[in-house]
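Subject: Structure handover

Hello,

Here is the structure for you to look over. My notes follow below it.

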Amino acid sequence: MDAAKTRRVKGLQNGLSVENAEFTCLPTRSSQELGWEYIQVEQFQHPPGECSSPLSEDHTICLSLATRPVRFLQIKDGKTHSSLYGKGDISITPAQTPFFARWQDDDHYVELRLNSGFMANVAQESLGLNPDRIELIPEFRLRDGRLEAIALMLLDELNQANPGGQLYVESLTNLLAVHLLRQYAVDRPKAGPTAVDFVGGLRDRQLLPVLSYIHEAIDQDLRLADLAAIAGLSPFHFSHQFKQAMGVAPYQYVLRQRIERAKQLLKQTNHSIVEIALLCGFNSHST
């Protein structure tokens, strides 16, 4: 497969484009030199910005690795979607689909680029489908445990660079193609609205203050009632809508953030484990 072209990203400040602030967005890790066939896996980390991608012969799957939600605006083939993306959220951009994105926070994700010709062969030879009638559905933000697991296994293989791993990568590539065909392919384009707002859960104006409070008070005794009050909801409705928005319950989100904070402190400080536990709020009853 030809290597993906280097993309140009325009920087943002306070949500606005910065004149003459374009930079080359290079991956922190890439499978380009590993000889993997039909798939390219790359890991990215970059500051707030925006970019538009040229038409590609590859299907693109992006899995967010961001530990803190990132506010995104995406436009694919004329359809617009705006929401927060967090760890585990996935987007799918079919081959030959115009794409624009703007993100207002530091972003971290893994990108899988699957050769469309290879997937057409899998459709015909493995599933008996007519590749001329099969079309992949664009997806802005979804949760799919199996797709996430495949992406993370490919990322792990990229990071480990294990010798003799070609067969393993080929197996995962086939598995990825079959899963996409079974779950996200149709005989005709998917009908739907031309514009999509944030679906389900808390709105940005409710969610962002709650997330900021959690991150600022991660070492404190966080209470569900306090978080609900920030969002202006009852604890019951807050729990339900928070899970819709973030994919996990409030207590699970707090626990994940405490674990991430602990990992950072272990790497960056000389604090003892007991001190780190206190700094991360593990001494208190979590939400």
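In which sense do strand β5 and β10 pair, and over how many bridges? They pair in the antiparallel sense, over five bridges. Bear in mind that this is a predicted model.

**Around β10**

β5 covers residues 49–53, and β10 covers residues 99–103. C51 sits opposite A101 of β10. Strand β7, residues 70–76, also pairs with β10. That pairing is antiparallel too, with five bridges. Here F72 stands opposite W103.

The side chains of a regular strand alternate between the two faces of the sheet. β10 has a covered face made of F99, A101 and W103. Its uncovered face holds F100 and R102.

**Cysteines**

A disulfide joins the sulfur atoms of two cysteines covalently. How many does the whole structure contain? The search finds zero. Take C62: the closest cysteine sulfur belongs to C51 and is 9.3 Å away, so the pair is too far apart for a bond. A disulfide would need the sulfurs within 2.5 Å. C51 is buried, at 9% relative accessible area. C62 also counts as buried, at 18%.

**The six-stranded sheet**

Six strands make an open sheet, in the order β3-β4-β11-β6-β9-β13. The pairing is antiparallel. At the edges are β3 (29–30) and β13 (139–142), each pairing on one side only.

Within this sheet, β4 (residues 39–46) and β11 (residues 107–115) pair over eight bridges, in the antiparallel sense. Q43 has V110 of β11 as its bridge partner.

Helices pack here as well. α1 lies across β6 (58–64) and β11, and runs at about 60° to β11. α3 packs on the sheet and touches β4, β6, β9 (90–93), β11 and β13. The direction of α3 makes about 90° with that of β11.

**Helix on helix**

How are α1 and α3 set against each other? Helix α1 spans residues 116–125 and helix α3 spans residues 166–184. They pack at an angle of about 70°, with axes 10 Å apart. That makes α1 roughly perpendicular to α3, because angles of 65 to 115 degrees count as such.

From α1, the contact uses F118, M119, V122 and A123. From α3, it uses T173, N174, A177, V178, L180 and L181. By type, the contact residues are eight nonpolar, two polar and no charged.

Best regards

Technical notes:
Residues numbered from 1 in each chain as written. Predicted model: local features only at pLDDT ≥ 70, side-chain atom pairs only at ≥ 80, totals over all residues. Heavy atoms only, no water. Axes fitted to C-alpha atoms, helices over the stretch in contact; angles between N-to-C directions. Helix = DSSP H or I, 4+ residues; strand = E, 2+ residues; numbered from the N terminus. Parallel < 35°, antiparallel > 145°, perpendicular 65-115°, else oblique. Contact = heavy atoms within 4.5 Å. Nonpolar A, V, L, I, M, F, W, Y, C, P; charged D, E, K, R; others polar. Buried < 20%, exposed > 50% of the residue type's maximum accessible area, 1.4 Å probe, protein only. Pairing = 2+ DSSP bridges.
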